[in-house]
Each structure stands twice: as C-alpha cells, then as structure tokens.
Amino acid sequence: MDHFPTNWGRPRNDAFDAYATYPIHQRPYNGPKDSFADGVQRTQQPIVTGTSVLAIKYKDGVMMAADNLASYGSLARFKDVQRLHQVGNYTVIGAGGDMSDFQYIQYILEELSIDEISAQDGHELGPVEIHEYMSQLMYARRSKMNPLWNSLLIGGFKDGKRFLSYVDLLGTTYSASTLATGYGAFIAQPLLRKAVEGREDVITEEEARKILEDSLRVLFYRDARSLNKFQIAAISSAGVSISDSMQLDTAWSFAENIRGYGAQTQ
Amino acid sequence: MNRLKSGEVNLGTSIMAVQFDKGVVIGADSRTTTGSYIANRVTDKLTHVHDRIYCSDTQAVADIVHNYLQLYTQIHGAHPPVSSAAGMFQDICYDNKDALSAGIIVAGWDKEVGPSVYNIPLGGGLFRQPWAIGGSGSTYVYGYCDATYQDGWGRDETVEFVKNTLSLAMARDGSSGGVIRMCVITEDGVERLFVPGDKLPKFWEGREVLSGPVKKSVEPAAMAIE
C-alpha cells in the first residue's frame, strides 16, 4: 500500500521493497543451541608452543622441570617464559603445548583459588583437587571440539602425601612416579624410570635435581624446539619453590675432528 | 633437501660464506633434523669438492661435482676455478629443479680470480656475491648481515662476522644449532675452525626469569565492625 497520494496513478517500481518486508523478520532465539547443526568446528592448531615438561617423585615430595622457551613453529620466539606455575600453597602445574591456552588456564585457576579463599570453609585447594578440576575442564572442552591445546603435569605435596598426575587436551589422565610430556615422553621417560622406579622414598633432593638435569640435557641435545635455560620446581612439606633460570653444561669437544658425511677426510 | 639420494633429510640449517682480501670463510651450524628430532647434533656441513673449493652440504649433488672436479684436475692438469665448480652445481640444480630443493653456497680460492663466493638458490640461478647466507636460519639474520658487513675486511674480522651471524641464526632457528664449523680457504690451504656449542658468542637471551617469592595465599582479614 502506498500512503502518498502524490504517487497514486503514477509509474511505480514494485521491485523496490520500501517497507523492508523481505526477508521476513525473525524473533530472536535464546534457547538451547546445537553446535553440530551448523557444522561449526573450533579445533585449533597450537601456535606459540612449549615443549616437554618432566616430573618425578622423590623422598621429600615432587620435583618438576621445564625449559623457558615458547616456540613459534621452528622460531625460538620467547626465551623467558615460565612454564611452571604455582597454584595455591601445595601445587605446581607445568604445561607444554599452546601457551595462550596455558595463560587462560592460569587465569581460571586463579579465579578458582579466589573462590576457595572466600568460601572460608577451612579447606584449601590441593593437587588432587586441581587435577580433578583440570581433567573435567579439559575433557569438557575436548567434547565441545574446542580443546585447550596443552599437555599438563600437576605435581604437589599435601597432608604428607605426594601427588603427580598428567592431563592433556583430550582429557586423558594418568599417574606414575615419573612423568614426561612431549619429546620427554620418548627420550627422558626411560631415563627417569631407570633412575626412580622403586626408589621414590630414597632419592634425595640433590639426586632428584641431578636426574632431571641429566634428562633435560639429553632433551636439549635432541629436541630441536628446546632451550638450554630452564627452571626446576620442588614441592615438599616446606611448600612450593620454583628456582631461578639455570643453564646446563654441554659436551661438544668430541665433534672437533669429525669430517664430512662419508668418505671425506678433509 | 636433496631427493636424488635417500638418506637423512637435512631440513633446515644455517650456512654462510664471506669473501675477504686473501680468501673466503665458509661456515655452517651442525644440526641435522628430521622434523623436530635432532638426528645429528655434530654434522659436518662443509663439503670438500676440491682442495680450495668447499660447498654447503648437499651430499648427492656435492658427490657428483666432486667427481667432475677430480676429472677436471686430471684432464687440465690444473686446479679448477671456483666459477667452474659453481657452474657445475648450477647445471645440476637447474636441470633437476623440480626434483631438488637445495640452496647451495659455493666458496673457494683460485689463481685466476682469487677468492669468490657463489650463491645458487632454489631455482638454479647463479649469483656471485661478496657474502652469501642460506638455510632456514638465514632468514633471521638478513638484517644483522646487511647492517654489519663492510668491504675490505681481513681474515679475523671476517671470521668474527661469520661466527656472530651463525650464532644469532642458531639462537633463533630451531632447525639450526650445535657447533659452528668454519673453513678459511686461502692460496696456502684450508684452515678448519671449530666453536663448541657452549662457547658460542651470546647475545640478548631474553630477560632473566626470576620466579617470584612463594605466594602465600591471602589470609582473609576480618572486617572492622563499628
């Protein structure tokens, strides 16, 4: 209907929709949504990544180690990154994989700690609770096809008991007295097992440190995404202590006389 | 990587060669990776194709050129010029350009021309340059090289330049690392230099990571009641 008398009886353009009648106006829908109906997938690829994390149980508690590198593909982009994070008074979480997702995890755990404090119920978050929370979170994200692309080691000491467990982007969890993620799972784990298994209650702090350092050295030799700058965290009855950055001694002098790849002598 | 011969895939590296008044310095890192596993951390990537001509490690192609240069020496009774060696590399790379992806640097000394450096990138073109860098690590040091290189350097300054450049490349490129190997090629011979991985020149390494004091959880303070 044209309301303007001056247009009546004059040429008109029916192709122009003056009152915006098409498409028909939809009422907003705020009910339950089916993510799969749209075929929307949010599984990402990790961009800025951390490599292996290692952890072992020793006599007084749990020790964890990780280097200070965040890589951007093959570029060693950020060389001063802390991949071991303290949560509360009893736990350390170490992360490999996407670093932005790890920063998000740190934020979530901070919120969790604040909630726990304000509850004032006499309970404190320990490694068991942190691990349970993380494994629920990681599996839930995986089931929504939007994972937090990390492999995490959670270690701690509370009420006289040592705790060490793994959780990853798929929601897989497992526990042992020696754990390693990334390349560490292939290269360091056999070394850690040999040194630790059966002797968890005997290994001193110095020995534990040495075992981790030896494994980190092999990883620095063989993992092209690693750095010779790392930290070691120790959690015991004395609390959580994350060391300053350290560097390892490496052996290269044997290579001086190597020549060529086959028959070359010069 | 070379596909002519099966073997280790040398993906990623840092190589360079620089000319100076009396000769050339050719240098390389020592890391061979398959993906992100370091298959060899002490590789020798400086391949001898002639007594005064070295190239960056390309194995299959280098073997062929080495063979041709030995024939040349026998046939001509004289040492081959570097330009001939570079030309041989170029022919092989250009004719097989679809099958090969090797970026080659050839450097050496000959009587006719003195020192020279040739760069043969992927397409198989031939480029003579006073200094050449190659490999995945080289992308990180173009700026440093452009800013630092000067004509007219002597042997020691050139060796410093190569050492610093390769260290910077190895510090950032995951596919490069290990030790630095260098050859100083002059009329009198080839001098091998070696810098172990713990003695590399250090540059900015990121700030010190100092972990903060142990966080004590905040004790809730009771509100003052009026």
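Tutor: Happy to! In chain B of this predicted model, the axes of helix α1 (residues 60-76) and helix α2 (residues 82-95) come within 10 Å and cross at roughly 135°. That angle makes α1(B) oblique to α2(B).

Student: What describes two packed helices?

Tutor: The general idea is that the angle between the axes and the distance between the axes describe the pair. There is also a handedness to read here: α1(B) passes α2(B) in a right-handed crossing.

Student: Which residues make the contact between α1(B) and α2(B)?

Tutor: From α1(B) come Val61(B), Ala62(B), Ile64(B), Val65(B), Tyr68(B), Leu69(B) and Tyr72(B), while α2(B) brings Ser84(B), Ala85(B), Met88(B), Phe89(B) and Ile92(B). By class, this contact of α1(B) with α2(B) holds 11 nonpolar residues, 1 polar and no charged.

Student: Now chain A. At what angle do helix α1 and helix α2 of chain A pack?

Tutor: Helix α1 (residues 99-119) and helix α2 (residues 127-143) of chain A pack at about 130°, and their axes are 12 Å apart.

Student: Is the crossing of α1(A) and α2(A) left-handed or right-handed?

Tutor: Right-handed, for α1(A) and α2(A). On the α1(A) side, Tyr104(A), Ile105(A), Ile108(A), Leu109(A) and Leu112(A) meet Ile130(A), Tyr133(A), Met134(A), Leu137(A), Met138(A) and Arg141(A) of α2(A).

Student: How many nonpolar, polar and charged residues does the contact of α1(A) with α2(A) have?

Tutor: The contact of α1(A) with α2(A) has 10 nonpolar, no polar and 1 charged.

Conventions: Residues are numbered from 1 along each chain as its sequence is written. Chains are lettered from A and ligands numbered from 1 in the order in which they are written. This is a predicted model: local features need pLDDT of at least 70, side-chain atom pairs count only at pLDDT 80 or more; totals for chains, interfaces and linings use all residues. Side-chain values use heavy atoms; hydrogens and water are left out. Axes are lines fitted to C-alpha atoms, for helices over the stretch in contact, and angles run from 0 to 180 degrees between N-to-C directions. Helices (H or I, at least four residues) and strands (E, at least two) are DSSP runs, numbered from the N terminus. Angles under 35 degrees count as roughly parallel, over 145 as roughly antiparallel, 65 to 115 as roughly perpendicular and the rest as oblique. A crossing is left-handed if the near helix is turned anticlockwise from the far one by less than a right angle, and right-handed if clockwise. Contact means heavy atoms within 4.5 Å. Ala, Val, Leu, Ile, Met, Phe, Trp, Tyr, Cys and Pro count as nonpolar, Asp, Glu, Lys and Arg as charged, and the others, Gly among them, as polar.
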